[in-house]
Amino acid sequence: MNEIIIKGARENNLKNIDITIPKNKLVVITGVSGSGKSSLAFDTIYAEGQRRYVESLSSYARQFLGNTDKADVDSIEGLSPSIAIDQKTTSKNPRSTVGTVTEIYDYLRLLFARIGIPYCPVHKKPIKRLSVEEMTNQVLELETGTKLEILAPISKEKKNEDLLDNLLKSGFTKVKINGENFNIGDKDTVVNLKEDTIEVIIDRIVLRKEERGRIFEAIETSSELSNGKVIINVIDKERIIMSENYACPECDFSLPNLEPRIFSFNAPHGACTMCKGIGIKQNISIDLLIPDKNKSILEGAIKGFSLEGNIYMTNILTVAKHFKIDLNKPIKKLTKKELDIILYGTDKELEYEYTSKSGNKRFVKDTYEGIITNLERRFIETKSGWIRDWINSYMVDSTCPKCGGARLREEILNVKINKKNIFEVTNYSIKDLLVFLSKLKLTKEETEVSKLILNEINSRLTFLDNVGLNYLTLSRTATTLSGGESQRIRLATQIGSSLSGVLYVLDEPSIGLHQKDNERLINSLKKMKELGNTLIVVEHDEDTMMASDHLIDIGPGPGDDGGYVVAQGTPSEVMKNKDSLTGKYLSGKLKIEVPSKRRKGNGKFIEMYGVKENNLKNIDVKIPLGAFTTVTGVSGSGKSSLVTDTLLKALGSAVYGRTDIPGKHKKITGLENVDKVVDISQDPIGRTPRSNPATYVGVFDDIRDVFTETKESKMRGYKKGRFSFNVKGGRCEACWGDGVKRHEMHFLPDVYVTCEVCKGTRYNSETLEVKFKGKTIADILDMRVTEAIIFFEFSAKIKAKLQMMIDVGLGYIKLGQSAPTLSG
């Protein structure tokens with residue numbers, strides 16, 4: 001069957017539509033916001049495809065997968081197993097990175113385990129592991145007739161008082177102590193176990209080929225005696241030091257066997273012991289603890305600490321007196337040593353004199369812990385959520401001092417390929433990493449071993465490059481990715497899987513992508529189609545619409561005015577359709593005119609100097625206030641680093657006193673001209689049916705105030721909470737204010753039935769008896785924004801909030817529409 005035939009689709013605002021969609025094609029669904037695109041693509045086609053696939057599994061498997069609701073549709077024929085690639089963030093876990101999400105890091109771990117070369121961090125020399133056979137062959141390569149000694153160095157662990165006796169019992173007769181030969185049985189052979197270097201002489205040999213068996217046996221004995229270490233002392237020449245393990249011949253540095261698991265920062269074998277593989281540590285920030293360094297300690301420079309008549313004051317006064325620290329000096333005039341003593345404490349034991357309110361004195365000898373040390377200890381030990389939150393307000397995430405943000409143990413970071421460790425490799429952008437891998441200098445054996453691994457890594461990197469993500473690094477945490485970036489990463493992963501016969505549903509994959517990279521994204525979508533897959537893409541981008549095989553226009557308007565199939569066919573056929581608003585814009589009959597006049601602003605500016613966050617190159621920026629300013633540039637150019645990471649955090653700190661540390665910069669001026677900051681992101685307004693537009697914009701509070709002031713409410717003594725469906729009192733207790741009851745069906749999807757008690761209104765009958773202008777609180781929630789603004793025209797406060805929703809094109813939604821049904 002080459003078509004998906006849908007009949008009677010009624011999900012959300014869809015108007016019982018029938019539609020036929022061709023399979024194995026690139027299909028784009030477009031239309032105005034809220035017209036029903038996502039309802040058709042995700043809530044109907046994808047949801048039903050997924051549900052049918054899950055239902056084909058055994059009942060045992062289904063209990064672990066959970067159940068999905070059946071779409072509100074009469075029938076769908078020709079469905080394939082479906083995969084949704086939407087804009088939800090890939091992961092909230094700080095351990096997830098671009099490398100782990102794409103599985104490239106797994107292949108890099110395997111690559112380093114197989115061809116990585118360990119280096120000694122002290123002597124900077126490569127460490128090789130040799131078998132006894134290889135050591136023997138290396139010795140036999142020396143010139144015939146060479147005189148040599150085979151020695152076994154004694155490690156610190158084996159040095160004890162019975163060492164010489166035990167060696168003698170084992171049949172050894174000679175040792176080297178600090179380079180001099182001694183007979184073990186002699187009375188004048190005395191060993192300083194702590195300081196002396198002791199080497200057991202296993203054998204003395206004049207090199208000949210026929211001595212191979214003897215050399216092999218001596219090396220084997222030496223290895224057993226000294227934990228794998230062997231010294232070949234070539235007489236009158238340099239020593240040759242070899243090891244069966246990854247251990248430095250000149251010091252005690254050693255590594256475990258190179259396995260992929262030791263390169264994982266999510267496993268205890270490889271994770272940094274201080275930060276446990278996260279790469280960051282939470283520390284008390286001196287800037288947050290002491291915001292005004294012009295004040296002295298006695299003037300209250302240290303925020304949150306009351307120094308009047310308590311133990312801390314006694315401690316600080318005692319310490320200041322002993323170390324001659326002037327507590328009346330501004331913080332900025334104290335030396336680093338003086339401030340460190342106050343903040344981080346001292347090991348020196350001091351005598352403290354504590355005086356109680358009754359005048360009793362108590363003398364205690366103790367060290368001084370320090371303010372920051374005390375706070376960090378209490379943060380770990382406290383069981384009080386309030387104390388933890390209070391201390392957390394002075395803390396910032398800083399790079400782990402032990403691993404430097406690399407997440408791995410020091411010894412693991414000394415394993416390198418072409419002089420780069422695994423962290424340095426993941427710090428390359430995808431574009432630069434492709435170049436690095438193409439120029440690897442490997443031996444013949446290394447090339448054979450790494451061939452398959454490198455093919456997998458290169459193919460995945462190429463897919464990421466093709467969807468416009470070549471600026472990302474593999475070490476970047478998944479939580480910092482935008483919705484569009486997350487979606488394109490999953491898209492690249494799916495291309496790499498080379499599945500066929502799958503129905504992919506995508507949600508605006510071009511969002512946040514610069515026009516320069518659009519063509520590459522479209523080519524990637526076409527490549528997925530050529531593998532024998534069907535792609536249904538919800539999209540507004542002109543290039544993607546024009547590149548589609550089949551274009552569907554849903555509309556004609558948003559909300560209740562939408563839900564119809566206005567036009568469908570090839571892009572040229574849709575452009576000719578007189579009813580299609582999208583077609584008119586594609587054909588050029590309608591267009592958005594460029595404004596002839598621009599706002600000049602209010603003459604004030606925010607000026608940013610020396611911004612160096614992430615990839616920004618010490619730039620200076622001047623942003624006018626009172627104007628609409630757009631920051632643009634190719635993907636990964638540093639837009640978010642400038643606006644979100646630096647400017648937004650600086651404004652949050654200046655206006656609201658937030659504890660976020662802005663990105664690296666020299667200074668920012670003009671922040672005093674801003675008195676309010678609003679951050680509008682793509683995060684959903686709520687994930688439960690209880691969240692709705694009225695509660696989110698705050699207008700529901702005002703509406704409840706209106707109902708509280710009615711005559712009926714006052715007679716009954718109803719307060720504001722009576723008109724909330726989230727608290728006991730006014731809500732329907734049969735459905736807990738949800739308006740529906742959920743019935744678990746075990747191996748079938750849960751069934752939601754309208755509550756018989758409240759008939760879906762969410763409120764009990766007593767609450768619904770209170771009316772304002774003939775409408776109950778439930779009637780108000782069922783109103784569209786355009787209706788509500790007329791109904792509440794007497795209230796400037798309510799009208800202003802509703803007008804704001806209309807201004808951004810949301811006049812069609814209902815005040816009580818549940819958040820999960822809203823499009824992104």
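Mentor: Let's start with a helix pair: α14 passes α15 in a left-handed crossing (the near helix is turned anticlockwise from the far one by less than a right angle; clockwise would be right-handed). Before going on, note that this is a predicted model, so local features need pLDDT of at least 70 and side-chain atom pairs pLDDT 80 or more, while totals for chains, interfaces and linings use all residues. Numbering runs from 1 along each chain as its sequence is written, and side-chain values use heavy atoms, with hydrogens and water left out.

Back to the pair. α14 covers residues 430–438 and α15 covers 444–466 (helices are DSSP runs of H or I, at least four residues; strands are runs of E, at least two; both are numbered from the N terminus). Their axes come within 10 Å and cross at roughly 150° (lines fitted to C-alpha atoms over the stretch in contact, with angles from 0 to 180 degrees between N-to-C directions). That makes α14 roughly antiparallel to α15 (over 145 degrees; under 35 is roughly parallel, 65 to 115 roughly perpendicular, the rest oblique).

Who does the touching? On the α14 side you'll find I430, L433, L434 and L437, and they meet L454, I457, N458, L461, T462, L464 and D465 of α15 (contact means heavy atoms within 4.5 Å). Sort the residues of this contact and you get eight nonpolar, two polar and one charged (Ala, Val, Leu, Ile, Met, Phe, Trp, Tyr, Cys and Pro are nonpolar; Asp, Glu, Lys and Arg charged; the others, Gly among them, polar).

Now set another pair beside it. Helix α23 (residues 699–708) and helix α28 (residues 796–807) have axes that come within 10 Å and cross at roughly 150°. So α23 runs roughly antiparallel to α28, and their crossing is left-handed. V699, D702, I703 and V706 of α23 meet K797, I798, K801 and L802 of α28. This contact has five nonpolar residues, no polar ones and three charged.

Just after α10 comes G345, with a positive phi of about 85°.

M575 sits in α19 (residues 571–576), and its relative accessible area is 21%, so M575 counts as partly exposed. Beyond its neighbours within four places in sequence, M575 touches M546, G583, L586, S587 and K589.

D43 belongs to α1 (residues 37–55), and at 31% relative accessibility D43 is partly exposed. Setting aside residues up to four places away in sequence, D43 touches E11, N12, S38 and A71. From D43 to A9 it's 34 residues in sequence and 10.0 Å in space, C-alpha to C-alpha.

Notes: Buried < 20%, exposed > 50% of the residue type's maximum accessible area, 1.4 Å probe, protein only.
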